[in-house]
Amino acid sequence: MPYGQQPGPAPVYAEPPAAPRRSVLRSVLSLVLTLAAIVVASYLLRTFVFQSYEIPSASMEETIMTGDLVFSEKVSYRFGDPEPGQIVTFQDPEIPSRTLIKRVIATEGQTVDLRDGNVYIDGVRQFEPYTDDKPSYPLTGGADVTYPYTVPSGELWVMGDNRTNSQDSRYFGSVPVSSVSGKAVLVYWPLDQFGLLE
(Lines give C-alpha, C1' and ligand atoms only; values in the text may rest on other atoms or scores of the structure.)
Protein backbone atom coordinates (compact mmCIF):
# COMPACT_ATOMS: atom_id res chain seq x y z
CA MET A 1 0.00 0.00 0.00
CA PRO A 2 1.50 3.38 -0.92
CA TYR A 3 2.60 5.62 1.98
CA GLY A 4 -0.26 7.72 3.38
CA GLN A 5 -3.06 5.77 1.74
CA GLN A 6 -5.81 4.76 4.06
CA PRO A 7 -6.74 1.11 4.02
CA GLY A 8 -10.12 0.59 2.36
CA PRO A 9 -12.68 -1.92 3.35
CA ALA A 10 -11.69 -5.49 2.83
CA PRO A 11 -13.00 -6.76 -0.50
CA VAL A 12 -16.16 -8.78 -0.23
CA TYR A 13 -16.24 -11.89 -2.33
CA ALA A 14 -19.66 -13.26 -3.14
CA GLU A 15 -19.97 -16.90 -2.25
CA PRO A 16 -21.81 -18.98 -4.79
CA PRO A 17 -25.25 -19.93 -3.46
CA ALA A 18 -25.72 -23.52 -2.38
CA ALA A 19 -26.51 -25.48 -5.49
CA PRO A 20 -30.23 -26.24 -5.59
CA ARG A 21 -29.57 -29.15 -7.91
CA ARG A 22 -29.71 -31.69 -5.16
CA SER A 23 -33.09 -30.47 -3.84
CA VAL A 24 -34.55 -30.22 -7.36
CA LEU A 25 -33.31 -33.71 -8.14
CA ARG A 26 -34.85 -34.96 -4.91
CA SER A 27 -38.19 -33.33 -5.75
CA VAL A 28 -38.24 -34.78 -9.26
CA LEU A 29 -37.28 -38.23 -7.97
CA SER A 30 -39.95 -38.04 -5.27
CA LEU A 31 -42.57 -37.05 -7.86
CA VAL A 32 -41.56 -39.88 -10.20
CA LEU A 33 -41.68 -42.44 -7.37
CA THR A 34 -45.08 -41.16 -6.21
CA LEU A 35 -46.51 -41.38 -9.73
CA ALA A 36 -45.03 -44.87 -10.17
CA ALA A 37 -46.59 -45.98 -6.87
CA ILE A 38 -49.99 -44.60 -7.95
CA VAL A 39 -49.78 -46.39 -11.31
CA VAL A 40 -48.76 -49.70 -9.68
CA ALA A 41 -51.46 -49.41 -6.98
CA SER A 42 -54.07 -48.56 -9.62
CA TYR A 43 -53.01 -51.56 -11.73
CA LEU A 44 -53.11 -53.93 -8.75
CA LEU A 45 -56.52 -52.65 -7.60
CA ARG A 46 -57.93 -52.92 -11.12
CA THR A 47 -56.49 -56.38 -11.66
CA PHE A 48 -57.25 -57.98 -8.32
CA VAL A 49 -59.84 -55.88 -6.43
CA PHE A 50 -62.32 -53.97 -8.60
CA GLN A 51 -63.03 -52.72 -12.09
CA SER A 52 -65.16 -49.86 -13.32
CA TYR A 53 -67.48 -50.29 -16.32
CA GLU A 54 -69.70 -48.00 -18.33
CA ILE A 55 -72.93 -49.76 -19.30
CA PRO A 56 -73.39 -49.51 -23.08
CA SER A 57 -76.80 -51.12 -23.52
CA ALA A 58 -80.29 -51.41 -22.06
CA SER A 59 -80.13 -55.13 -21.25
CA MET A 60 -80.12 -54.58 -17.46
CA GLU A 61 -82.69 -51.78 -17.27
CA GLU A 62 -84.33 -50.75 -14.97
CA THR A 63 -81.76 -52.10 -12.49
CA ILE A 64 -78.81 -50.55 -14.36
CA MET A 65 -79.42 -47.87 -16.94
CA THR A 66 -77.58 -47.24 -20.21
CA GLY A 67 -74.60 -44.97 -19.48
CA ASP A 68 -74.39 -45.83 -15.77
CA LEU A 69 -70.93 -46.34 -14.29
CA VAL A 70 -70.65 -49.52 -12.22
CA PHE A 71 -68.03 -51.02 -9.91
CA SER A 72 -67.48 -54.77 -10.17
CA GLU A 73 -65.47 -56.29 -7.31
CA LYS A 74 -63.14 -59.24 -7.91
CA VAL A 75 -62.54 -60.56 -4.39
CA SER A 76 -65.75 -62.51 -3.61
CA TYR A 77 -65.33 -65.10 -6.35
CA ARG A 78 -61.81 -65.98 -5.21
CA PHE A 79 -63.51 -67.66 -2.24
CA GLY A 80 -66.71 -68.97 -3.81
CA ASP A 81 -68.74 -69.23 -7.00
CA PRO A 82 -71.48 -66.87 -8.19
CA GLU A 83 -74.96 -67.56 -6.84
CA PRO A 84 -78.43 -67.06 -8.34
CA GLY A 85 -79.60 -63.47 -8.07
CA GLN A 86 -76.12 -61.95 -8.20
CA ILE A 87 -75.16 -59.59 -11.03
CA VAL A 88 -71.88 -60.56 -12.65
CA THR A 89 -69.48 -59.25 -15.27
CA PHE A 90 -68.08 -61.89 -17.62
CA GLN A 91 -66.37 -62.42 -20.94
CA ASP A 92 -68.69 -62.28 -23.93
CA PRO A 93 -68.77 -65.85 -25.33
CA GLU A 94 -69.03 -64.45 -28.87
CA ILE A 95 -66.59 -61.51 -28.64
CA PRO A 96 -63.97 -62.44 -26.01
CA SER A 97 -62.54 -58.91 -25.85
CA ARG A 98 -65.90 -57.59 -24.65
CA THR A 99 -67.32 -57.74 -21.12
CA LEU A 100 -71.02 -58.35 -20.50
CA ILE A 101 -73.09 -57.78 -17.37
CA LYS A 102 -76.09 -60.00 -16.52
CA ARG A 103 -77.84 -61.60 -13.57
CA VAL A 104 -77.14 -65.19 -12.55
CA ILE A 105 -80.39 -67.16 -12.79
CA ALA A 106 -79.17 -70.75 -12.37
CA THR A 107 -75.96 -72.59 -11.58
CA GLU A 108 -74.54 -75.99 -12.52
CA GLY A 109 -76.96 -78.88 -12.29
CA GLN A 110 -80.06 -76.69 -12.17
CA THR A 111 -82.67 -76.97 -14.92
CA VAL A 112 -84.03 -73.85 -16.58
CA ASP A 113 -87.37 -73.78 -18.34
CA LEU A 114 -89.26 -70.92 -19.96
CA ARG A 115 -93.04 -71.28 -19.97
CA ASP A 116 -95.63 -68.66 -20.87
CA GLY A 117 -93.06 -65.89 -20.39
CA ASN A 118 -92.04 -67.14 -16.94
CA VAL A 119 -88.76 -68.64 -15.72
CA TYR A 120 -88.81 -71.99 -13.93
CA ILE A 121 -85.80 -73.38 -12.10
CA ASP A 122 -86.03 -77.07 -11.24
CA GLY A 123 -89.78 -76.85 -11.87
CA VAL A 124 -90.34 -73.87 -9.55
CA ARG A 125 -91.63 -70.61 -11.02
CA GLN A 126 -89.27 -67.78 -10.11
CA PHE A 127 -90.29 -64.51 -8.47
CA GLU A 128 -88.30 -61.86 -10.34
CA PRO A 129 -89.31 -58.31 -9.33
CA TYR A 130 -86.27 -56.85 -11.12
CA THR A 131 -87.79 -57.64 -14.54
CA ASP A 132 -90.68 -55.20 -14.10
CA ASP A 133 -93.01 -58.02 -15.20
CA LYS A 134 -91.47 -58.23 -18.67
CA PRO A 135 -91.93 -61.72 -20.15
CA SER A 136 -89.01 -64.12 -20.53
CA TYR A 137 -89.37 -65.78 -23.92
CA PRO A 138 -86.82 -67.99 -25.70
CA LEU A 139 -84.55 -66.23 -28.21
CA THR A 140 -83.67 -67.41 -31.69
CA GLY A 141 -80.74 -66.81 -34.00
CA GLY A 142 -77.95 -67.77 -31.63
CA ALA A 143 -76.86 -71.09 -30.16
CA ASP A 144 -79.23 -74.03 -30.33
CA VAL A 145 -80.75 -73.68 -26.85
CA THR A 146 -83.63 -76.03 -26.09
CA TYR A 147 -85.77 -76.26 -22.96
CA PRO A 148 -85.77 -77.57 -20.36
CA TYR A 149 -82.03 -76.76 -20.21
CA THR A 150 -79.79 -78.29 -17.55
CA VAL A 151 -76.80 -76.07 -16.77
CA PRO A 152 -73.57 -78.05 -17.31
CA SER A 153 -70.93 -78.46 -14.61
CA GLY A 154 -68.80 -75.33 -14.15
CA GLU A 155 -71.26 -73.06 -15.95
CA LEU A 156 -73.94 -70.43 -15.22
CA TRP A 157 -77.22 -69.45 -16.81
CA VAL A 158 -77.36 -65.63 -17.02
CA MET A 159 -80.10 -63.25 -18.16
CA GLY A 160 -80.54 -59.51 -18.43
CA ASP A 161 -83.21 -57.90 -16.27
CA ASN A 162 -84.67 -56.26 -19.38
CA ARG A 163 -86.02 -59.55 -20.70
CA THR A 164 -87.43 -58.13 -23.91
CA ASN A 165 -84.13 -56.47 -24.86
CA SER A 166 -81.26 -58.72 -23.78
CA GLN A 167 -79.07 -61.21 -25.59
CA ASP A 168 -78.16 -63.61 -22.81
CA SER A 169 -78.08 -67.35 -22.11
CA ARG A 170 -81.30 -67.69 -24.07
CA TYR A 171 -79.21 -66.64 -27.08
CA PHE A 172 -75.68 -67.99 -26.45
CA GLY A 173 -76.30 -70.70 -23.85
CA SER A 174 -74.73 -71.01 -20.42
CA VAL A 175 -71.34 -69.42 -19.74
CA PRO A 176 -68.29 -70.81 -17.91
CA VAL A 177 -67.81 -69.73 -14.31
CA SER A 178 -64.16 -69.20 -15.29
CA SER A 179 -65.25 -66.37 -17.63
CA VAL A 180 -66.68 -64.34 -14.74
CA SER A 181 -64.50 -61.33 -13.94
CA GLY A 182 -66.39 -59.94 -10.96
CA LYS A 183 -69.55 -59.25 -9.01
CA ALA A 184 -71.27 -55.95 -9.86
CA VAL A 185 -71.91 -54.23 -6.54
CA LEU A 186 -72.40 -50.49 -7.02
CA VAL A 187 -73.69 -47.89 -9.45
CA TYR A 188 -71.60 -44.81 -8.69
CA TRP A 189 -72.59 -42.48 -11.54
CA PRO A 190 -74.80 -40.61 -12.19
CA LEU A 191 -75.38 -39.60 -8.60
CA ASP A 192 -79.16 -39.92 -8.87
CA GLN A 193 -78.60 -43.62 -9.65
CA PHE A 194 -76.00 -44.10 -6.90
CA GLY A 195 -76.59 -47.25 -4.86
CA LEU A 196 -75.75 -50.85 -4.15
CA LEU A 197 -76.87 -53.46 -6.67
CA GLU A 198 -79.15 -56.30 -5.61
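1. Strands here are DSSP runs of E at least two residues long, numbered from the N terminus. On that basis, aspartate 116 sits in the loop that links β5 (111-115) to β6 (118-121). The model is a predicted one, and the points below should be read with that in mind.

2. Backbone at aspartate 116. Most residues other than glycine have a negative phi. Aspartate 116 is not a glycine, yet its phi is positive, at about 55°. Is aspartate 116 buried or exposed? Its relative accessibility is 74%, and because exposed means over 50%, aspartate 116 counts as exposed.

3. Backbone at aspartate 132. A positive phi is also found at aspartate 132, where the value is near 55°. Aspartate 132 belongs to the loop between β7 and β8. Its relative accessible area is 44%, so aspartate 132 is classed as partly exposed.

4. The peptide bond joining tyrosine 147 to proline 148 is cis, with omega about -5°.

5. Most peptide bonds are trans. The bond between glutamate 61 and glutamate 62 is cis, with an omega of about 10°. Glutamate 62 is placed in the loop that runs between β1 (50-54) and β2 (69-73).

6. Pairing of strand β4. Which strands does β4 pair with? Strand β3 (residues 87-91) runs antiparallel to β4 and is joined to it by five bridges. In this pairing, isoleucine 87 faces arginine 103 of β4. Strand β9 (residues 155-159) also pairs with β4 in the antiparallel sense, over four bridges. Here alanine 106 is opposite tryptophan 157 in β9.

7. Cover over strand β4. How many of the nine residues of β4 are buried? Eight are, so that the strand, residues 99-107, is mostly covered, buried meaning under 20% relative accessible area.

8. Nonpolar surface patch. Val24, Val28 and Val32 make up a nonpolar patch on the surface, and their accessible area together is about 250 Å². Valine 24 lies in helix α1, which spans residues 21-48. With a relative accessibility of 47%, valine 24 counts as partly exposed.

Methods. Residues are numbered from 1 along each chain as its sequence is written. This is a predicted model: local features need pLDDT of at least 70, side-chain atom pairs count only at pLDDT 80 or more; totals for chains, interfaces and linings use all residues. Side-chain values use heavy atoms; hydrogens and water are left out. Buried means under 20% relative accessible area, exposed over 50%, partly exposed in between (1.4 Å probe, protein chains only). Patches are made of residues with over 30% relative accessible area and no salt bridge: like charges are joined within 9 Å, nonpolar side chains (Val, Leu, Ile, Met, Phe, Trp, Tyr) within 5 Å. Accessible areas come from the Shrake-Rupley method with a 1.4 Å probe; for residues, only the protein chains shown count as cover. A salt bridge is a side-chain nitrogen of Lys or Arg within 4 Å of a carboxyl oxygen of Asp or Glu. Two strands pair if DSSP finds at least two bridges between them.
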